[in-house]
Amino acid sequence: MQLRYRFRLYPNGPQRGALTRAFGCARVVYNDALRARETARSAGLPFPKTGDLSKLLITEAKKTDERAWLGEVSAVVLQQSLRDLDTAYRNFFDGLKGRRPRMGAPRFKSKRDNRQAVRFTANARWRITAGGDLSLPKIGDVRVKWSRALPSTPSTVTVVKDAAGRYFASFVVETDPDEALPETDAVVGIDLGLTHFAVLSDGTKIDSPRFLRRAEKKLKREQRRLSRKAKGSSNRTKARLKVARAHARVADARRDFHHQLSTRIIRENQAIAVENLAVRGLARTRLARSVHDAGWSAFVTMLEYKAARYGRAFHRIGRFEPTSQVCSACGVKDGPKPLCVRVWTCGACGAVLDRDINAAVNVAKAAGLAVSACGARVRPGHVPAQRGEAGTHRDGHPTVAGIPLL
Ligand SMILES: [Zn+2]
């Protein structure tokens, strides 16, 4: 199985300059090729081939005065940039043919883009030095923070600069297939909700950790500061960089949280069932911010690849299963309930049910997993309301975790 590994890079001053040149040259070749293809298309001419573009826009262009500086960077970086454009076109055409989700036509790149990247393949003769630096052609030996071990030697490295001005080396490596974890009898259903990040069918409720919430608060503060700065001022530029840094920290904290939680769930359970959230549908509603912030789809993707990697079963349950309308104890369907109803008593069997845990148990059952419904039951008279979970707004409209209901 192929996995992406990312490590922080610390280029020195001259190396940063060389990287900026490489990003710039890769971008120019990409844009030149895009322009050549779009011009051919609007003139009704055949689609220019990659080999021809490579000759024209790299080899020949280097001999001209306007593009002589292309020679200052590794030719492999420029070739890879053309490959990227090919991939962008292929994805676009496959989308039109319905082979994958539709996406926009390739677009021109700008030096103001949030992400700048160049790729070095084996042909570029990049390597990891004896001292642990990343040696890149025409850039130099760049210091790397090796935060974990690479399972195998990668052939390609992508160097990325993000909006916060940080540099990363990104590798795609092949991992061993026989990493299966010892078998266990435990199985779990997961409900991804609005009151908690996730609720497990054994009754565990998981909130996002404090370090993530703190980073999110800081981001909101910096965003407010940015909105108060005058347009075009140097203070605005500074504030924008601060927002980008806060944003990067939130993204990192969220990814760490997703990794820790998904690893724990995979390690502890033989089979995992998750509701296939219609995230796109939800995102159009007023719950959008909350849905995006929670980053469920990234988390579910992690669960899925880790399950495959460690020999666990992974089930996605379709959205059509009415997980909150069915009693997980007796199976009677008693209809939809407004979001403010967190606990109810089943009219058929008398079980007192917790909305989120009941849903998690139903998700597991819909996947054919044998879980106990005990966790979903709440002892009568012992129903502490979560702070800020369900309440009434000043204007009388019920809210869930501060989000007005639809
Ligand atoms: Zn019941």
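The model is predicted, so local features need pLDDT of at least 70 and side-chain atom pairs count only at pLDDT 80 or more, while totals for chains, interfaces and linings use all residues. Residues are numbered from 1 along each chain as its sequence is written.

**Exercise 1. Work out whether Asp-356 is buried or exposed, and list what Asp-356 is in contact with beyond its sequence neighbours.**

Step 1: find the element. Asp-356 belongs to helix H9, residues 355-366. Helices here are DSSP runs of H or I with at least four residues, strands are runs of E with at least two, and both are numbered from the N terminus.

Step 2: get the burial class. A residue is buried with 20 or more other C-beta atoms within 10 Å of its own, exposed with 12 or fewer, and partly exposed in between, with C-beta atoms placed from the backbone. Asp-356 has 26 such atoms within 10 Å, so it's buried.

Step 3: list the partners. Contact means C-beta atoms, placed from the backbone, within 7 Å. Skipping neighbours within four places in sequence, Asp-356 touches Asp-191, Gly-193, Thr-195, His-196, Val-199 and Lys-205.

**Exercise 2. Trace the neighbours of S7 in the seven-stranded sheet.**

Step 1: read the order. The open sheet goes S2-S6-S7-S1-S5-S4-S3, with antiparallel pairing. Its edge strands are S2 (116-120) and S3 (127-128), each pairing on one side only.

Step 2: take the S1 side. S1 (residues 2-10) and S7 (residues 167-174) share eight antiparallel bridges, and Arg-8 is bridged to Phe-168 in S7.

Step 3: take the S6 side. S6 (residues 157-161) pairs antiparallel with S7 over five bridges, with Val-160 opposite Phe-168. The two strands make a hairpin with five residues between them, and Gly-165 in the turn has a positive phi of about 80°.

**Exercise 3. Describe how H5 and H8 pack.**

Step 1: get the geometry. H5 (residues 234-268) and H8 (residues 296-309) pack at about 40°, with axes 9 Å apart.

Step 2: classify the angle. Under 35 degrees is roughly parallel, over 145 roughly antiparallel, 65 to 115 roughly perpendicular, and the rest oblique. H5 and H8 are therefore oblique to each other.

Step 3: name the residues. On the H5 side, His-258, His-259, Ser-262, Thr-263, Ile-265 and Ile-266 meet Ala-298, Phe-299, Met-302, Leu-303, Lys-306 and Ala-307 of H8.

Methods. Two residues are in contact if their C-beta atoms, placed from the backbone, lie within 7 Å. Two strands pair if DSSP finds at least two bridges between them. Axes are lines fitted to C-alpha atoms, for helices over the stretch in contact, and angles run from 0 to 180 degrees between N-to-C directions.
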